[in-house]
Amino acid sequence: MKQKILVTGGTGFIGSHTTVELQQAGYEVVIVDNLSNSNQAVIDGIEKITGKRPFFEKVDCCDLSALEGVFSKHGDISGIIHFAASKAVGESVEKPLLYYRNNITSLINILELMPKYKVKGIIFSSSCTVYGQPTKENLPVTENAPIQKALSPYGNTKQINEEIIQDFIYSGAPIKSIILRYFNPIGAHPTAHIGELPNGVPMNLIPFVTQTAIGIRGELKIFGNDYKTPDGTCIRDYIYVVDLAKAHVKAMERILESPDTDNVEIFNIGTGTGVSTLEVVQGFEKATQVKLNWKYAPRREGDIEKVWGNVDKANAVLGWKAEHSLEDALQSAWKWQKKLREDGVQ
C-alpha cells in the first residue's frame, strides 16, 4: 500500500476523478468535502470503479478545528491535493467576499496544519486564469508568461493562493508544493459512474450543453460572438478530466519520491490546443448526433477572450501527456448525462 493522500473537495468533479486515479495507483485516499457543490453519492461511484471506498470526512476546510480533527484522526497523511474552492467566474464577480473567504482561508488552514502533522507536500489546484488575457506573443501560454491582473475575484484567489504557498515555503516551511495550472476540464469517467454534477444551474459550458441536449435546459447561450477570434467566440484549452486527474498522480509521485526537486514547481496542464465555444457546440452535435438549441448572448463579465497552454514542461518533467481527444471527452459527458437520466437524478 502506498501512502495516504488527503483530497480536499474530493467529491467534486476533478477531485472524484483524481481520487479514482490515486486509488488505482495504489494510494489510500481521505476525502474532505463540505458538499456545498457536490453529493456524497459520488463516493459510491468511486467505489464502483475502483472496488475500494475512500475515507470520507464531511468537513469545511475553513473550519480550522474540524480540519485539524481530520489530520489527527488520519495521522499518517503524506500528501495533500487541494481542490476545495468556489470556482464560478460569474458568481465570483457577484459575490467576491464569499470567494475570498472560502478560497483563501481554506488554504491557509491546510498549510498551517501541514508541518505540525509532518505532511510532505501539497498539490494546489490552480488555473490558467492567473495569466489573464495573454498577449499574442505569449500564446500558447507558458509557465513563464507574466501573471496579469485577474479579470475576476475567482482568478484573483488563484493568484493570491499561489503567492501564499510560495511565501510560506520560502519562509522555511518544511513542505514541498506543485502548483498545477489547468485549463478547462471536461467530460466524465468512461464508466459513467462519476462525472460533473453541479448543484443548480451549471456555470460551466459542458454540463449546460448536455443538460440542454437532454431537455433539462431549454436553450444554451454562447456568451459573446464579437471577440477577436476566427468565429467570434471565446477560445479555451479543453482537457479531458481523466487525463487531468492522471497529472495529479504524476505530480504526487514527484513530491513523495523525488527528494532533489525544487520546493515549489509550477506546471500547465492542458492539451496545448485552443478550441472555440462554437467549435465545442458543433463538436458535441457531431460526436453525439444530437442537435442543440442554442443562441448567441451578450458577453459575460470576467471572461477571457482566448487562452490555451504550452504543456511541454509537464510532458517532459512529469512524464505526463493528455491522451484523449475533444470528441472522446464530449462523448463521455453525454454518456454521463444519459446515465443521470436513467438513474432519475436529472
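I started with a pair of helices in this predicted model. I noted α9 and α11 as roughly perpendicular to each other, because their axes cross at roughly 70° and the range for that term is 65 to 115 degrees. α9 covers residues 277-288 and α11 covers residues 326-342, and I found that their axes come within 9 Å. The crossing of α9 past α11 is right-handed.

Which residues make the contact? On the α9 side I listed V280, G283, F284, A287 and T288. On the α11 side I listed E327, L330, Q331 and W334.

Next I turned to aromatic rings. The count came to 3 aromatic pairs. I looked up F71 and Y117, which form a tilted pair with 5.6 Å centre to centre and 50° between the planes. This pair links distant parts of the chain, with its two residues 46 apart. F71 belongs to helix α3 (residues 64-73), while Y117 lies in the loop between α5 (96-116) and β5 (121-127). I checked burial: both F71 and Y117 are buried.

I then took W294 and Y296, an edge-to-face pair at 5.0 Å centre to centre with 80° between the planes.

Last, I looked for charges over rings. R299 lies over the face of Y227, 4.0 Å from the ring centre. K313 lies over the face of F267, 4.9 Å from the ring centre.

Note on methods
Residues numbered from 1 in each chain as written. Predicted model: local features only at pLDDT ≥ 70, side-chain atom pairs only at ≥ 80, totals over all residues. Heavy atoms only, no water. Phe/Tyr/Trp six-rings, centres within 6.5 Å; stacked < 30°, edge-to-face > 60°. Helix = DSSP H or I, 4+ residues; strand = E, 2+ residues; numbered from the N terminus. Buried < 20%, exposed > 50% of the residue type's maximum accessible area, 1.4 Å probe, protein only. Lys NZ or Arg CZ within 6 Å of the ring centre and 35° of its normal. Axes fitted to C-alpha atoms, helices over the stretch in contact; angles between N-to-C directions. Parallel < 35°, antiparallel > 145°, perpendicular 65-115°, else oblique. Left-handed = near helix turned anticlockwise from the far one by under 90°. Contact = heavy atoms within 4.5 Å.
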